Amino acid sequence: MMLLAQAQSVSTGGILSPIVKIFGWIMEGIYIALSSIGIYNVGLCIILFTLISKIIILPLTMKQQRSLKINQVAQPELNKITKKYRNRRDQASMMKQQEEMQKVYDKYGTSPTGGCATTLIQFPIIMSLYYVVRAVEVYIPQIAADIKGHPDIYELIPGSGIGINDIPGFRISPLLIVPILSFVFQFLSAKSSMSTNQMSDDAPGAGMTKSMMYTMPLVSLFMCLSLPTGLGVYWTASAFFQWIQQLMFHAYYNHADMDKIIEKNREKAAKKKKKKGPSMYERMLGAAGEQPQGGDIKKSANVKSTKNVEYRGNSKGGIASKANALNRKKGGK
């Protein structure tokens, strides 16, 4: 009862509660479907739940992969621009570099943030899934009755002794299979993603992108060691399905007509730009271009200073004005 009360207190999801409830209904539907054929296993529910969640966000993933693939085609041109301005760090050169790179992005109908936007959209969905998996017994109330006849209902594999509420920790035990698989699949997924989004070593963010291929699997390993196995199962299954998706996307794009894909993408980008105006990236680039350069600032300051001197000289109360008046008075005498 105490565990159930704790689960209920963390299952709401805050502002994500509407999405959390929807995914909770999906989890309950999966459990009811499995129990109708005599399968009472929460671990399998989580795996199937992860698969369904991947299918739900598949359109977003497809859009992200298409953007990454087009950016890969455009990358050689972007690399040339990066190499051209490699040793030029003044503001004018950096602005010129950004303008030339934007022309390349326009040519291919893409943007440097094409894949990021999709990732941000997926984030609340993933967080909602997290809340459901963390408090699965809240969203599947039938478990309380079924567990009496099926005591292994919370085991990952019936009879294995690996409970989904157990925390692997930093010790040798059968529970380590989940963190290890999470590390492996996360690494394969990251490596596959790297092959899609190739960039030169000089490109901005290239070092960070490569380091993520090793950092993310380690983060995944640590999380699965520190959290209940049920969440580790979700994390591992998610990485596995993501890796499979990327292999399928690679197979498709390796045989696809990229010229047609790029042309279609460019037409869509042009219509979107005409309807909504420049993207945030383009607006930021334009705003930066309007900022005065170092020489312009000095020139502006000198012009302003000259105008101030002229104004003071021509004003009625100015020193030069009084001197001229005095000279005219003496001449009149």
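**Helix α12 and its neighbours**

Mentor: Let's start with a pair of helices in this predicted model. Helix α4 (residues 58-84) packs against helix α12 (residues 258-276), with the axes 11 Å apart and an angle of about 110° between them.

Trainee: What makes α4 and α12 count as roughly perpendicular?

Mentor: Set the angle against the cut-off. The pair packs at about 110°, and 65 to 115 degrees counts as roughly perpendicular. So α4 and α12 are roughly perpendicular to each other.

Trainee: And which hand does the crossing of α4 and α12 have?

Mentor: That crossing is left-handed.

Trainee: Which residues of α4 and α12 meet there?

Mentor: From α4, you've got Arg66, Lys69, Ile70 and Val73, and they meet Met258, Ile261, Ile262 and Asn265 of α12. By type, the residues of this contact split into five nonpolar, one polar and two charged.

Trainee: Let's pick out Asn265 in helix α12. Why is Asn265 called buried?

Mentor: Buried means under 20% relative accessible area. Asn265 has 13% relative accessibility, so it counts as buried.

Trainee: What does Asn265 touch, leaving out residues up to four places away in sequence?

Mentor: Arg66, Ile70, Tyr108, Gly109 and Thr110. Tyr108 takes us to another helix, because α5 covers residues 91-108.

Trainee: Which residues make the contact between α5 and α12?

Mentor: On the α5 side, look for Asp106, Lys107 and Tyr108; on the α12 side, Ile262, Asn265, Arg266 and Lys273.

Trainee: Zooming out, how many helices and strands are in the protein?

Mentor: There are 15 helices and zero strands. Of the 333 residues, 35% count as buried.

Trainee: Which stretches does UniProt annotate as "transmembrane region"?

Mentor: The unreviewed UniProt entry gives that annotation to residues 12-33, 39-60, 175-194 and 214-237.

Trainee: How much helix and strand is there over residues 39-60?

Mentor: That stretch is 82% helix and 0% strand, and its end C-alpha atoms are 32 Å apart. For residues 175-194, the figures are 90% helix and 0% strand, with the end C-alpha atoms 30 Å apart.

Technical notes: Residues numbered from 1 in each chain as written. Predicted model: local features only at pLDDT ≥ 70, side-chain atom pairs only at ≥ 80, totals over all residues. Heavy atoms only, no water. Axes fitted to C-alpha atoms, helices over the stretch in contact; angles between N-to-C directions. Helix = DSSP H or I, 4+ residues; strand = E, 2+ residues; numbered from the N terminus. Parallel < 35°, antiparallel > 145°, perpendicular 65-115°, else oblique. Left-handed = near helix turned anticlockwise from the far one by under 90°. Contact = heavy atoms within 4.5 Å. Nonpolar A, V, L, I, M, F, W, Y, C, P; charged D, E, K, R; others polar. UniProt positions renumbered as here; feature names shortened; annotations may be inferred. Buried < 20%, exposed > 50% of the residue type's maximum accessible area, 1.4 Å probe, protein only.
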